[in-house]
Amino acid sequence: ENVVIVAGIPPKTGADGDIDYKFDTNPNHQEFKVLPNGQIDYKSMSHIILAEKGKLLAEFIPAQAGVPGWDVLGQTIAAEAGRDAAFLAGRGVIKDADGRRFFAEVDGYVVLNSGVLEVMNIYTVNGDVDYSTGNIHFNGTVIVNGNVIEGFEIHAEGDIIVKKNVEAAKLWAGRDTEIHGGIHGKGIGFVSAGRDIRVGFAQNAILEAQGNIYITNF
């Protein structure tokens, strides 16, 4: 018969810390919007995570202490604590006094990259506004380095700057709208600005500004 004469218990390492994000960290998985007629609205897809100033963005879950063990002589074996999660607050993010909770410092969109959390108040589209971006609704300034393709929309509470052309699309800006190229509206293109509009040319489009409209190329 086996009889236990002496025994020891190994130490147990504590659980690692984690980050509890208060926003969707993978917005690309969102489902497409289904219209009442059964069609799928691919243009309504947007991967921008918006945050208002003061919004709670993330919270540390602290690492746990380990559970000590002992050897066969009854000596205590120390346990290792878990590791804290790697995380940094970048631009537009502030933390509370104990460094555990992180808040948006400005209105903007949330960027999480390699453990660095930021809130940016300027949203830049490096190409065209098309099916790859969907319609854009943003609480800051939008810069488009390409074109705005026909049928798409941009709503910005700040400025809208388009480096190339706007097709038969619709743009609403809370402040200024600047289009370096021109507008080919086809009778349905629409641009609205809370202040001024500056555009190279406008063809078959509606321009509506609370301030002035500047057309640089006649």
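## Asn139 and its surroundings

In this predicted model, Asn139 touches Leu50, Ala51, Asp107, Gly108 and Glu157, leaving aside residues up to four places away in sequence. Asn139 sits in the loop between E14 and E15. At 14% relative accessibility, under the 20% cut-off, Asn139 counts as buried.

Two of these neighbours also make polar contacts with the Asn139 side chain. A polar atom of that side chain lies 3.3 Å from the backbone oxygen of Ala51. The side chain of Asn139 also reaches the backbone nitrogen of Gly108, at 3.4 Å.

## The largest nonpolar core

In soluble globular proteins, nonpolar side chains tend to be buried together. Here, the largest nonpolar core holds 27 residues. Val129, Ile136, Val148, Ile154, Val162, Val166 and Leu171 have the most contacts inside this core.

Strands that give two or more residues to this core include E13 (122–125), E14 (136–138), E15 (141–144) and E16 (153–156). E19 gives the most, with four residues.

## Ile154 within that core

What does Ile154 touch, not counting residues up to four places away in sequence? Its contacts are Val129, Ile136, Val142, Val144, Val148, Ile160, Lys170, Leu171 and Trp172. Among them, Val129, Ile136, Val148 and Leu171 are also listed with the most contacts inside the core.

## A separate core

Another core lies apart from the largest one. This other core has 14 residues, including Phe23, Ile49, Ala58 and Phe102.

Note on methods:
Residues numbered from 1 in each chain as written. Predicted model: local features only at pLDDT ≥ 70, side-chain atom pairs only at ≥ 80, totals over all residues. Heavy atoms only, no water. Core = buried A, V, L, I, M, F, W, Y, C linked by side-chain atoms within 4.5 Å. Buried < 20%, exposed > 50% of the residue type's maximum accessible area, 1.4 Å probe, protein only. Contact = heavy atoms within 4.5 Å. Polar contact = N/O pair within 3.5 Å; in protein donor to acceptor, adjacent residues only side chain to side chain.
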